[in-house]
Each structure stands twice: as C-alpha cells, then as structure tokens.
Amino acid sequence: MMVVGSFNTVGVIGAGAWGTALAGAAARAGRSVVLHVRSPTQREAIAATGETPRLPGVPLAHGIAVTGDLARAGNCDVVLLAAPAQALREAAAAVAEHLAPGTPVIACAKGIERGSRRFMTEVIAAALPQAVPAILSGPGFAGDVARGLPTAVTLAAHDAQLAAALVAALGSATFRPYHTTDVRGVEIGGATKNVLAIAAGIVAGRRIGASALAALTTRGFAELTRFGRAQGARPETLAGLSGLGDVILSCTSAQSRNFSFGVALGEGRSIASAAGGKLAEGMFTAAVLLDLARAKGIDMPITQAVAAILAGDLSVDAAIEALLARPFRAEGEE
C-alpha cells in the first residue's frame, strides 16, 4: 500500500470546470499537478490568458502544468478522472497504458453508466484493472472550489488507510475531504441527488411554492435512503456530505445544472431547449436508477416521475398530479 508521502504528483484527466477546479484544489494542497487538456484551442487560451474558458474570471492556480500529453498526466502518483459519468470509461481506457500498477484512480463524476448499470468505481475497475478505484463526491460547485472558497466533500476507497492518505494529500484549509470506506454509499448519494435536483427544479420552475419544494426534497431524500440501504450503504454516509449535503446544495441552487435543467422543464421548455447544450448528469441517470430500484423492489416515485418526463411518457403536470394522488401513509413507511 502506498503512503501519503508518495502522493506528490496528481494527474487530472478532464479539463472542464470541475476538473480544473479540482486541479486547483490539489495545487493548493501542495501537490504538483498535471492537468490534461485535450483541446489545443483550450490549451492556447489558458496559455494566453492564464485561465480556462470553462471558468472565466478565475485564474488557473499556481503549480498546475497544462499538457495535451496523456502519458504525462497518467504517470502521476494519483489520477483524478473528471470526465462526465457517461464518458468515464472512455477517459479511463485512454489513460490505461500510462498508469503504473496500484495507482489510485479517483472518479470525480456522479452517475451510473447506462447499459452496464455500473457505478463509477466499477467502471474504473473494469477499464483499469491495474488501478485502485476511489470516488470523490459531495456538495461542491466548481466555481467555489476554483476560487478557494470553503468546501467539504467525501472521498471513499475500499481500503481505510488509502482513503485517509488520499484525503491528507488533497485536503487543505479550504478544501476539506472526509474519508470513508463506504464507496457504494458515496456513489449512490452523488448519482441520486442529480435526479432529485431535476425534480426540485421542476417544482421551482412550475412555481408551486416553497412548501412543495421542501416536501419534494425531503421525500426525495427518503427515496435515496431506501435505495442506499438496499444497496448496503451506511446510514451515516447517506446522511452525510455525499448524500444529504449534496441533496441540499443541488436541490436549492441555480448553480446546479440539474436544478437549472429542471427549472427550464417546469417552465414549459422542451428537453433539448432546457438542456441548452449543457450537461445535466441526472438526464442519463434517472432511467438507470429506476431500473436498479425496480430490480430490488424499491419504491422511488419521484425518480419514476423524472424518468417518465425525460422519456416523454408523462407531461410535467401529469407527473405532479400522479405524485399528489399517491395514497396517504405513515411517515417512514415504505
């Protein structure tokens, strides 16, 4: 097992807003960071302005080496995969030949892979059998992290010593990861909250009241908890940063792409128009999450409503009506 002293170099694959923000966090933690930027145009823009077009107005943190060479980024002590969930396998496969055996590879996406129905660490394990998978998730917006504003997240690995060592290597005064071995619990929180954020956005966009939004968020968290328990997640993880914490953030802020996407749907825009060319991970997660829930006999009516809206099977108004027509029951009853 590697020790924290050997985690001196951090490679980041994926130079979107989140990947660039995490690169900055690692640099502020004292690591030598290599940020892989695939686009030559984006590399030129960074060289010319000192900032990435994905985070305008935020200077790239000192100590980050920008490169188009995957081998340079992959040949680091720790690798962060900051590609979107549905592109994570492709990013992992691209860097595979450059990884030393035993390298920790941290998934930084929140979702479930369509088709395979695999969580992010499972994708890494399949695509990079020589690596040690881990997951980073929690309530953090890229702009806040990039600016060095206080943020707390969760980092999970199956080995407790490794998880603690990675936290020590990446953490700083303003970027505070908490470690756990509950990998699946962390992954469930990140994936499910994206779907709930779409639902919360729909409620906000339909302007049916703050009370309805609070009810939706609370009942949505109950769904997340039921699903998590059935998958073996720990209660403290589901109620922690990567679960409840991320639900609170994503279901209440327009900075959340999933929430904003939901708002646009609630206002009556089409799915394509609501997306506006931006990635909302919950769009891809909803149907897969619902399939996994049904396979275990778990009732997830809010997730079901979002999946039906995205599939074009229900209108927003019909989905809301169906939720309001559900039978009365005792709180906590499944």
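Modeller: A cavity is a set of points, on a 1 Å grid over the protein atoms alone, where a 1.4 Å probe fits but cannot get out, and its lining residues have an atom within 4 Å of a point. This is a predicted model, in which local features need pLDDT of at least 70 and side-chain atom pairs pLDDT 80 or more, while totals for chains, interfaces and linings use all residues. Residues are numbered from 1 along each chain, and side-chain values use heavy atoms, without hydrogens and water.

Biologist: How many charged residues has the lining of the second largest cavity?

Modeller: The second largest cavity, with about 40 Å³ of space, is lined by residues including Lys110, Met120, Ile135 and Glu187. If Ala, Val, Leu, Ile, Met, Phe, Trp, Tyr, Cys and Pro count as nonpolar, Asp, Glu, Lys and Arg as charged, and the others, Gly among them, as polar, then the lining has four nonpolar and three polar residues, and the charged ones number two.

Biologist: Which element gives the most to the lining of the second largest cavity?

Modeller: Strand E6 (132-137; strands are E runs of at least two) and helix H8 (183-206) each supply at least two residues of that lining. The greatest contribution, three residues, is that of H8.

Biologist: Which helix gives the most to the lining of the second largest pocket?

Modeller: A pocket is an open set of points with protein on both sides within 12 Å along at least five of seven lines, and the second largest pocket holds about 740 Å³. Of its 29 lining residues, the closest to the centre are Arg219, Ile302, Leu323, Leu324 and Arg326. H8, H9, H15 (301-311) and H16 (316-324) each supply at least two residues of the lining, and the greatest contribution, six residues, is that of H9.

Methods:
Grid points are joined across faces, edges and corners, and a volume is the space filled by probe spheres set on the points. Helices (H or I, at least four residues) and strands (E, at least two) are DSSP runs, numbered from the N terminus.
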